[in-house]
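Subject: Handover of a structure and a summary of its features

Dear colleague,

Please find below the structure that I am passing on to you. I would ask you to keep it open while you read the notes that follow.

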Amino acid sequence: MSRNLNDYFYDIIKTMAFREKAITVGVVVPRAKRWQVEDSLEELALLADTAGADVTCTTIQERDSYNPAYLIGKGKVKDVERLCREKKANLVIFDDDLTPAQVKNLEDAFGVKVLDRTELILDIFAQRAKTKEGKLQVELAQLRYLLPKLVGKGLSLSRLGGGIGTRGPGEMKLEIDRRRIREKIKKIEEALKKVGRTRELHRKSRSGTPTVALVGYTNAGKSTLFNTLTKAQAKIDDKLFVTLDPLIRKIHLPSEEDVFLSDTVGFIRKLPHHLVASFRATLEEVREADLLLHIIDASSRNMAEQIEAVDSVLKELEVPHIPVIYVYNKIDRLEDPSSFRKTFWNRRDGVAISALKGEGVTELLEKIEENLYSDKKDIDLPIQSRTASLT
């Protein structure tokens, strides 16, 4: 027992010792609003925490356009370099995508590692992936992200003068790397097609029983609601992207009808296209559902933007034909939950709940039943016996 405790505390100390210190950087360009960038940087800090880094400082620059060499201006580059020294930061995370040239220039200037938002999200997914399918999907997303970066690097190399002396083993190695990545992508896509066929068989075995899929912004409380409705023990944590692999359980409605409930990966603003494309096999559970429960964090000040982000991903998945119930969760965190309930209670597509405390769950189940079985009614038909008709 003591050995297990020692291992436990060792893991905690090891995790604490190796947490990186990060500085986050955002840029406000004319087409963006400052408050939007500030909100996005707050979310970036949560992503960094999930990945294992502590954000010690955040800085924003307003520019007319992105600097092609550094994304930010040269003056801001010097400011961030100074902050790295003062805060003893060993990581700088940009909220916008960076080109390979920009990453190299920034790392040379700062003397520390530089990541962009997409790379950070991919790192989190790599940490969270536990099943073979999840690991394949993450690897596919990483390779799809890396391939154009290599191509970009190849283009920049070819422009360093051109002609004699600029070709040879270096460019040849780059071509080999590209080819190997493309071959690897093809193999993973074939493996995921097999996964898709297996999922299709599982869906066929569930035919006849409706499927309800939980969708929503990451950390909106989908897994908490899933556990409440199914009595399951799905992992819950106050961090982003806890659930990567879909979970499916059967639940009973008040009328004793059965439905399958599916919990899938959460969505986020600026969700990299590589992830949506790579997780398409998993997200098929959403596309094939009979009803969607869009779980919304009612306590979030960014509720409207989060709803828009989820709707955008659903549109990309081509699921606008599936009926949706908007589930406003975490009303226990509101100062006036009764007022919020009244706002959405009479809306045909809205239910206000607290998945953690079980409030409003009965009403939600009734709303699910109403959507799935509204055309199913019990009627009494008088049947005349054959004997009576002959007399």
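A residue is called buried here if its relative accessible area is under 20%, and exposed if that area is over 50%. Please bear in mind also that this is a predicted model.

With that definition, strand E8 can be described. Which of its residues are buried on each side? On one side they are Leu291, Leu293, Ile295 and Asp297, and on the other they are Leu292, His294 and Ile296, so that both faces of E8 are covered. In total, 7 of the 7 residues of E8 are buried, and the strand is therefore largely enclosed by the rest of the structure.

The chain as a whole

The chain contains 14 helices and 10 strands. Of its 391 residues, 46% are buried. Its accessible surface comes to about 21800 Å², and carbon and sulfur atoms account for 52% of that surface. Among contacts between residues at least 6 apart in sequence, 70% join residues that are at least 24 apart.

The sheet that contains E8

Strands of a sheet pair through backbone hydrogen bonds, in either a parallel or an antiparallel manner. E8 belongs to an open sheet of 6 strands with mixed pairing, in the order E6-E7-E5-E8-E9-E10. E6 and strand E10 (350-352) are the edge strands, and each of them pairs on one side only. From one strand to the next, the twist averages 25°.

On one side of E8, strand E5 runs parallel to it and is joined to it by 5 bridges. Glycine 216 stands opposite isoleucine 295 in E8. E8 also pairs with strand E9 (residues 324-329), in the parallel sense and over 6 bridges. Here leucine 292 has valine 324 in E9 as its bridge partner. E6 and E7, by contrast, run antiparallel and are joined by 6 bridges. Leucine 247 stands opposite aspartate 263 in E7. Helix H11 packs on this sheet, where it touches E5, E8 and E9, and its direction makes about 150° with that of E8.

Helix H8

Why is helix H8 (residues 222-230) described as largely enclosed by the rest of the structure? The reason is that 8 of its 9 residues are buried. These are Lys222, Ser223, Thr224, Leu225, Phe226, Asn227, Leu229 and Thr230. The buried residues of H8 pack against strands E5 (211-216), E6 (247-252), E7 (258-263) and E8 (291-297), and against helix H13 (361-372). Just after H8, lysine 231 takes a positive phi of about 60°.

The sheet of 4 strands

There is also an open sheet of 4 strands with parallel pairing, in the order E2-E1-E3-E4. Strands E2 (53-62) and E4 (113-116) stand at its edges with a single partner strand each, so one side of each is left without a neighbour in the sheet. The twist in this sheet averages 25° from one strand to the next. Strand E3 (residues 91-94) pairs with E4 in the parallel sense over 4 bridges, and valine 92 stands opposite valine 114 in E4.

Helix H2 (residues 34-51) packs on this sheet and touches strand E1 (20-28), E2 and E3, with its direction at about 160° to that of E2. Helix H3 (residues 74-87) lies across E1, E2 and E3, and runs at about 160° to E2. In the loop between E2 and H3 is serine 65. Serine 65 is partly exposed, with a relative accessible area of 41%. The C-alpha atoms of serine 65 and valine 27 are separated by 9.1 Å, although these residues are 38 residues apart along the chain.

Pocket and cavity

Rolling a probe the size of a water molecule over the atoms shows where empty space is left. The largest pocket has a volume of about 720 Å³. It is lined by 28 residues, of which Ser40, Arg117, Arg269, Lys270 and Leu271 are the closest to its centre. H2, helix H5 (117-128), helix H9 (273-278) and helix H11 (303-316) each supply at least two residues of the lining. Which helix gives the most to this lining? That is H11, with 6 residues.

A search of the whole structure finds 1 cavity of 30 Å³ or more. The largest cavity holds about 60 Å³ of space. Residues that line the largest cavity include Phe125, Leu271, Leu275 and Val313.

Yours sincerely

Notes:
Residues are numbered from 1 along each chain as its sequence is written. This is a predicted model: local features need pLDDT of at least 70, side-chain atom pairs count only at pLDDT 80 or more; totals for chains, interfaces and linings use all residues. Side-chain values use heavy atoms; hydrogens and water are left out. Two strands pair if DSSP finds at least two bridges between them. Axes are lines fitted to C-alpha atoms, for helices over the stretch in contact, and angles run from 0 to 180 degrees between N-to-C directions. Contact means heavy atoms within 4.5 Å. Buried means under 20% relative accessible area, exposed over 50%, partly exposed in between (1.4 Å probe, protein chains only). Accessible areas come from the Shrake-Rupley method with a 1.4 Å probe; for residues, only the protein chains shown count as cover. On a 1 Å grid over the protein atoms alone, a cavity is a set of points where a 1.4 Å probe fits but cannot get out, and a pocket is an open set with protein on both sides within 12 Å along at least five of seven lines; lining residues have an atom within 4 Å of a point. Grid points are joined across faces, edges and corners, and a volume is the space filled by probe spheres set on the points.
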